[in-house]
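Subject: Structure handover

Hello,

Here is the structure you will be taking over. My notes on what was found in it follow below.

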Amino acid sequence: MILGIFRILGIILFLYLTWRNLREDYREEDLISYSWLSMLAFFLGGRLIFGLMNWGIWNENYYDWINFWQKPGISFTGGYVVFLIISYLVANQRGWKLLTLAEDIINSFMVFISLIFLEEVFKSNFDLKSVSLFLALIFGWFLTSRVKKKYRSFVWYKSGKKGFAYFFANFIIMFLLGLILFWFKEDMVYPILYLSGSLIFLIGLFILGEVFEPLQILGRKK
């Protein structure tokens, strides 16, 4: 119960940092409602997907789904997917550019998810796998923060479009998490899922940067 402070702190920091960093570019009312909705989507979506993945094993009755204290359990991967879906729907409704929003909130979300992972470290009594996953997340965040300031100067990233940090963070972090889970011989579903997701985001990064455009031009000339 005491460790729940990490989640509460993560939510508070996400709400505050999102408001502070984006308030000049978005209406504050819309921004606040999006922040709360996205956090709710993360936890409820993660809970729902966890329950579905452990159907008949984890839950004995319908009450278990809302019994967060005696029946803990959440899929962070599922929560993140639902978080992205809600972000897409809100951005579409509000007329926001999705990739711009994704890049603008990357730091806020990384603070939030880092505290979630840190909670898992304490829960596991500093189990090597949990510590490794946390350090991989921090390292991926560090690399993202470094390239975020410089990506517009990259020669190969011709478009210079916003969204680089979002694609890069997902690519590098999913890659590292996938390798770690593979190393610890986790159920192969998750390593494959993360490594496949990493490849998809890498391809998306190249497409966004119009890296493949010269090849398309050469193809048309032929």
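Helices here are DSSP runs of at least four residues, numbered from the N terminus. Tyr-88 lies in one of them, helix H3. Please keep in mind that this is a predicted model.

Surface patch

Tyr-88 belongs to a nonpolar patch on the surface, together with Val-81, Ile-85, Leu-89 and Leu-98. Which helix gives the most to the patch? That is H3, which spans residues 76–94 and contributes 4 residues. Tyr-88 counts as partly exposed, because its relative accessibility is 45%, and partly exposed covers the range between under 20% (buried) and over 50% (exposed).

Nonpolar core

In soluble globular proteins, nonpolar side chains tend to be buried together. The largest nonpolar core in this model has 53 residues. The residues with the most contacts inside this core are Phe-42, Phe-83, Leu-101, Phe-109, Phe-112, Ile-113 and Phe-117. At least two residues of the core come from each of the helices H1 (4–22), H2 (28–53), H3, H4 (98–104), H5 (106–123), H6 (128–148), H7 (164–183) and H8 (189–208). H7 gives the most, with 13 residues.

Leaving aside neighbours within four places in sequence, Leu-101 is in contact with Leu-22, Tyr-26, Tyr-34, Ser-87, Ala-91 and Trp-96.

Salt bridges

Side chains of opposite charge can pair when their charged atoms come close. How many salt bridges does a search of the whole structure find? The search finds 9.

Asp-30 takes part in a salt bridge with Arg-27, where the closest N and O atoms are 3.6 Å apart. Arg-27 counts as exposed, because its relative accessibility is 54%, whereas Asp-30 is buried, with a relative accessible area of 10%. Asp-30 also meets Arg-94 in a salt bridge, at 3.1 Å from N to O. Arg-94 lies in helix H3 and Asp-30 in helix H2, so this pair ties together parts that are 64 residues apart in sequence. Arg-94 counts as partly exposed, at 37% relative accessibility.

A further salt bridge joins the side chains of Lys-162 and Asp-104, with 2.8 Å from N to O. Lys-162 sits in the loop between H6 and H7 and Asp-104 in helix H4, so parts 58 residues apart in sequence are tied together by the pair. Is Asp-104 buried or exposed? Asp-104 is buried, because its relative accessible area is 16% and buried means under 20%. Lys-162 is partly exposed, with a relative accessible area of 32%.

There is also a network of salt bridges, which links Arg-7, Glu-119, Glu-120 and Lys-123.

Helix H6

H6 has 21 residues. From its first C-alpha to its last, H6 reaches 30 Å, close to the 30 Å expected at 1.5 Å a residue. The buried residues of H6 are Ser-130, Ser-132, Leu-133, Phe-134, Ala-136, Leu-137, Gly-140, Thr-144 and Val-147. Against which helices do these residues pack? The buried residues of H6 pack against H5 and H7.

Regards

Methods:
Residues are numbered from 1 along each chain as its sequence is written. This is a predicted model: local features need pLDDT of at least 70, side-chain atom pairs count only at pLDDT 80 or more; totals for chains, interfaces and linings use all residues. Side-chain values use heavy atoms; hydrogens and water are left out. Patches are made of residues with over 30% relative accessible area and no salt bridge: like charges are joined within 9 Å, nonpolar side chains (Val, Leu, Ile, Met, Phe, Trp, Tyr) within 5 Å. Accessible areas come from the Shrake-Rupley method with a 1.4 Å probe; for residues, only the protein chains shown count as cover. A salt bridge is a side-chain nitrogen of Lys or Arg within 4 Å of a carboxyl oxygen of Asp or Glu. Buried means under 20% relative accessible area, exposed over 50%, partly exposed in between (1.4 Å probe, protein chains only). A nonpolar core is a set of buried Ala, Val, Leu, Ile, Met, Phe, Trp, Tyr and Cys residues joined through side-chain atoms within 4.5 Å. Contact means heavy atoms within 4.5 Å. The expected span of a helix is 1.5 Å times one less than its number of residues.
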